[in-house]
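Subject: Handing over the two-chain model

Hello,

Here is the structure I promised to pass on to you. Please have it open while you read, and my notes follow just below.

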Amino acid sequence: MFEGLRSRLQKITGSLEDRIEQTIPAEPSVEKTGVPGGAAPAEAAEKDPSLLSRVKVLITDREFFISEKDVEEPLFELQMVLLENDVALPVADEIIRRVREDLTGKRRKIGEPLHEIVTAALRNALMSVLGDGFDLVSYIRNHERPVRILFTGVNGTGKTTTVAKVAAYLKKQGFSVVIGAGDTFRAGALEQIDVHADRLGIKVIQHQQGADPSAVLFDAVSYAKAHRIDAVLADTAGRFHNRANLMNQLEKIRRVMNPDLIVYVDEAVAGNDAVIRAHEFDRTVGADAVILTKADMDSRGGAAISIAHTIGKPVMFLGTGQGYDDIVPFSPARVVEELLGVSA
Amino acid sequence: MLDRLGTSLKDAVKKLAGKTVVDRAAVEELVRDLQRALIQADVNVRLVMQLSEAIKKRALEEQPPKGMTVREHVLRIVYQELVRLVGSAGEVKLEPQVILMAGLQGSGKTTTTAKLARYFQRKGLRVAVICADTFRPGAFDQLNTLCSRIHVPCFGNPGEKDALKIVREGLKSLSSAEVIIIDTQGRHALESDLIREIIDIQAIASAQHRWLVIDAALGQQAAEQARKFHEAISIDGVIITKMDGTAKGGGALSAVAETRSGIVFIGSGETIDDLERFDPDGFISRLLGMGDLKALVEKAEETLAAAEVDVNAMLRGKFSLRDMYNQLEAVTRMGPLKQIMSMLPLGNMEIPEDAYDITSTKMQRYRIIMDSMTAAEMDDPSVIGSSRIQRIARGAGASPEEVRELLRYYKMMKRALKGVRGGQGRFNMQRMLKKFGGGT
């Protein structure tokens, strides 16, 4: 996944290295010119105190500085790459700031390979933005059952499909699961979840269309308690974060079913708005983890980076296709390694 | 809606105020703000770079015409370039036709199909739809439920796995309909077998229109996806959905650029009537923070009897409680207040955020309170003193504080509308654009 971003990022690390490398050629010549042409560098050094100190450092410590100017251009390129890959603008700014801080003013020992410095700076920035992953299986193992999981998100991000996928995933891991059909608004939603559950052999608790979702989900939790079921997956209708009454309804659902985990579902192809809505959902009803759907549509990973950074919540799964098995646990370390191609 | 983008653009434009010569630094700053604003609206990064280069070049090279200030000159260039970016509206003819819907999963094809059926039905055409989504469970039930509410025939068969067969049979059995809309399964550019399928569907249906449905929140992916769909079935129109959220729909502009088509409709709500014709000038005006009176009036004409909301009287400043009552009543049909307000030509006037922060339940309360007022009070709210407030509150079963809150809200709205009408001493966008003779 994220091939597009990966190849671009690797190109950028290369270009950063080149820029920094360019500052080096001065170094051997300075050492060499010690006797024959010593006048020229000395003159330059007098004009430019920073150069003087640089040369000094060079000679004394055999180290040198990476200045802000050296990395300016590649960093602009890096920003463009991030933006083109749907990293939201404020988040891209933040990543650039971190890389710049990390790189500039750094004294570099001559023996130290450039590749490592640059990759480390990028890796640090990405890791601090992506946060830790979330292991649902061990969470359920270590938690009182039934574990109540509420799925939220805006319209059309794939909540219902994701609920079915997570149900299939948990079932495969040996847990018993029940689904609460909390989307009582959209036409066809009940039929949709029915078919999924039928195929997966999972019980669905539902009322008729237009029913109060809180009541449906309350029943689902009661059913799970009575039947000693491990996990309740609560589907909800998609809603926009700027609709106060729909958000109040979600708030009521939360009060009534009292979920252990609130999972915010969004699509990996969303652009800058991903940040705004993730923030609003987190602010109004909270979010403990994020699932990104439709990650197969693209090879960019911008939304993951943006959302994780904005609400500071771990990404739990990636949805990667239309089949029930198309869901993979998200591991930030692995994704970053993959993006930067460290193993290569 | 598009207000956030509008605000940052307005800020950028403000910085040009008072300059007498086009100064490079100011233009560069404007262009940089413009870039950031457009990128945050998900406009394709390459398109943004092209646009900003063009603006910079023209702003620095072209001399402002006589009598036009530097700000007007630069703004005019920005406006013209934005018009070029947005493109013109895709054509919608009211005649017998077959329309094929295409798009990514979850972009809102099925909902939009029903909305389109409603649109053509209202224009007096016999409409029918075909559900060719054989993959997603419940897809047929969804479309069938939506269509039966508006009495539009819906052809489909949830048991059939062959979409091509459904389309073939559907076209045959619905041959008496004038407009046939084919809803398809969501697919994306990398699913080559599904792309193949939609090519085959088009071969059977030979639809006059192939419309691509784009989620307003879609980011930089839009360009690539649109290109693939365009290669497959030659897209001739784009529909932006979910514009009632906070997404700005910039991704759709990349789709327009890729397909060299135009935006035909904008979906902005969950009910079947929440579909507007796309109006490029209006779209840009919203981008620039200038409202679009035309779209509002058009919509008002369609959904309301003329007497219900007199927009022109409102803009002349004759805004009484009665108008507000009618407005609140109309709101359920016209969409959220913010949406309506964003269509009013408010120029560079700021409406306090809390003016929008009124939920539908609150509106209900306001209407009940106003029901307890006399006709005289409705026409001239200034007569309402504290004893009248007491009476109204008792009559409506509300607290006096709620009545006062309503009056405060009324005053805020009135002030806001006054600003619209006046524009004295202020920068009047409406007048200015007129001077340009339509901008383009």
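One convention before the helix pairs: axes are lines fitted to C-alpha atoms, for helices over the stretch in contact, and angles run from 0 to 180 degrees between N-to-C directions. Helices (H or I, at least four residues) and strands (E, at least two) are DSSP runs, numbered from the N terminus.

This is a predicted model, in which local features need pLDDT of at least 70 and side-chain atom pairs count only at pLDDT 80 or more, while totals for chains, interfaces and linings use all residues. Residues are numbered from 1 along each chain as its sequence is written, with chains lettered from A and ligands numbered from 1 in the order in which they are written.

Let me start with a helix pair in chain B. Helix H8 (residues 192-205) and helix H9 (residues 221-233) of chain B have axes that come within 9 Å and cross at roughly 40°. H8(B) and H9(B) are therefore oblique to each other (angles under 35 degrees count as roughly parallel, over 145 as roughly antiparallel, 65 to 115 as roughly perpendicular and the rest as oblique). Their crossing is right-handed, meaning that the near helix is turned clockwise from the far one by less than a right angle. On the H8(B) side, B:Ile195, B:Ile198, B:Ile199 and B:Gln202 meet B:Lys228, B:Ala232 and B:Ile233 of H9(B); residues are in contact if their C-beta atoms, placed from the backbone, lie within 7 Å. By class, this contact has 5 nonpolar, 1 polar and 1 charged residue (Ala, Val, Leu, Ile, Met, Phe, Trp, Tyr, Cys and Pro count as nonpolar, Asp, Glu, Lys and Arg as charged, and the others, Gly among them, as polar).

A second pair in chain B is helix H5 (residues 109-122) with H6(B), packed at an angle of about 25° with axes 10 Å apart. That angle makes H5(B) roughly parallel to H6(B), and the crossing is right-handed. H5(B) contributes B:Thr110, B:Thr113, B:Ala114 and B:Ala117, and H6(B) contributes B:Ala139, B:Gln142, B:Leu143, B:Leu146 and B:Cys147. The contact of H5(B) with H6(B) has 6 nonpolar, 3 polar and no charged residues.

H6(B) turns up again where the chains meet. That contact takes 36 residues from chain B and 38 from chain A. H6(B) gives the most to the chain B side, with 5 residues, and this side divides into 11 nonpolar, 18 polar and 7 charged residues.

Now the interior. A residue is buried if 20 or more other C-beta atoms lie within 10 Å of its own, exposed if 12 or fewer, and partly exposed in between. Buried residues make up 48% of the 344 residues in chain A and 48% of the 440 in chain B. A nonpolar core is a set of buried Ala, Val, Leu, Ile, Met, Phe, Trp, Tyr and Cys residues joined through C-beta atoms within 7 Å. The largest one has 191 residues, of which A:Ile179, A:Leu233, B:Ile182 and B:Val238 touch the most other members. Helix H7 (residues 114-130) of chain A gives the most to this core, with 8 residues. Apart from it lies another core of 15 residues, among them B:Met373 and B:Ile392.

Finally, chain A has 15 helices and 10 strands, while chain B has 21 helices and 8 strands.

Best wishes

Terms used:
Contact = placed C-beta atoms within 7 Å.
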